[in-house]
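Please look over the model shown here, which is a predicted one. The briefing that follows takes up annotated spans, a helix, a pocket and a cavity in turn.

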Amino acid sequence: MSATSADEHAERFTHLRPLLFTIAYEILGSATESDDVLQDSYLRWADVDLATVRDTRAYLAQLVTRQALNALRARARRREDYVGPWLPEPLLLEPADASSDVILAESVSMAMLVVLETLSPDERAVFVLHEVFGFSHDEIASIVGKSATAVRQMAYRAREHVQSRRRRMEPVDFTTSVRIAEQFMTTAATGDMDQLLTMLAPDATWTADSGGKAPAVRRPVVGAKKVAALIVSFLRKGPELLPALRFETVNCNNAPAVVIYDGDELLGVFLVEVVDAKITNFYAMANPDKLAGIARPRTIRR
């Protein structure tokens, strides 16, 4: 390969990298695995004769989707032995990233990614490519190796499945969500249970993913009183606030996320979902394998 050809391969891939990363992440729910998929895809792309490529976006989307599907199927076989709930890997974003794009913001939300986990690998890829990125059924057929008719049916089933499990709601203002999350943490530090309960939806849920590698509740905790008591017990020892704990609020998956440190040690991160000014869900990540990328902001695009 000539230097000029190598430069053009790199330029085209780099230009589309945010899009390709977003496709891989929405299929896999893992930034770490998405990085691996993109690295492998680039090695394959570097050997492609560019004269044969009519549409670089479609070609690279096909390449990345196929590699992501291979990774997803391989992971599905390993998931049988996973300890406790499995949550997608939190995705650290720049504060404004995705906020102006309602479809993109919803598609990377933790709640949506949790729903996508209930689809088959092919259904997940079809849903993501069609509903989020706007690929046609014919384009997706060539990407996933199915007929256009099969893809159309798969897209319909996947959309019905997602809609039945993901309640539609008005986009929540990010700044408001951050304010509510920070107010909740300030109140939790005081141990004021009555005030905490005014900030939680009655069926508020705490779901923690530790993979058995860190202390965490291994089943979802449901109900405002139980969730509030759990968080207060984590922050306090009797009447005293644990002195070494500190918190930082960041943007993960276009939602406020509280990063928790014990001194300089990262303990975990939990994302806060707010609906109608009430906190409905906490998605807590304590698995150290899924915390490695929390310090590296990502760029996502459609």
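As the model is predicted, the values below are computed from its coordinates.

**The other annotated span**

- The annotation "domain: RNA polymerase sigma-70 region", which likewise comes from an unreviewed UniProt entry, covers residues 13-78.
- Residues 13-78 are 82% helix and 0% strand in the model, and the C-alpha atoms at the ends of the span lie 31 Å apart.

**Helix α11**

- Helix α11 takes in the twelve residues 224-235, and at 1.5 Å a residue it should span 16 Å, which agrees with the 17 Å that separates its end C-alpha atoms.
- The buried residues in α11 are A224, V227, A228, I231, V232 and L235, and because they cover an arc of only 130° around the axis, they lie on the same side of the helix.
- K225 and K226 are exposed, and they sit on the face of α11 that is turned away from its buried side.

**The second largest pocket**

- The second largest pocket has a volume of about 430 Å³, and of the 21 residues that line it, P215, A216, F234, L267 and A286 are the closest to its centre.
- Strand β7 gives the most to the lining of the second largest pocket, contributing six residues.
- By class, the lining of the second largest pocket divides into 19 nonpolar residues, one polar residue and one charged residue.

**The cavity**

- The structure holds one cavity of 30 Å³ or more, and the space within the largest cavity comes to about 30 Å³.
- The residues that line the largest cavity are A31, E89, P90, L91, L92, G293, R296 and R298.
- In the lining of the largest cavity, four residues are nonpolar, one is polar and three are charged.

Definitions and conventions
Residues numbered from 1 in each chain as written. Predicted model: local features only at pLDDT ≥ 70, side-chain atom pairs only at ≥ 80, totals over all residues. Heavy atoms only, no water. Helix = DSSP H or I, 4+ residues; strand = E, 2+ residues; numbered from the N terminus. Expected span 1.5 Å × (residues − 1). Buried < 20%, exposed > 50% of the residue type's maximum accessible area, 1.4 Å probe, protein only. Arc of directions from axis to C-beta. 1 Å grid on protein atoms, 1.4 Å probe; cavity = no way out; pocket = protein on both sides within 12 Å on 5 of 7 lines; lining within 4 Å. Points joined across faces, edges and corners; volume = space filled by probe spheres on them. Nonpolar A, V, L, I, M, F, W, Y, C, P; charged D, E, K, R; others polar. UniProt positions renumbered as here; feature names shortened; annotations may be inferred.
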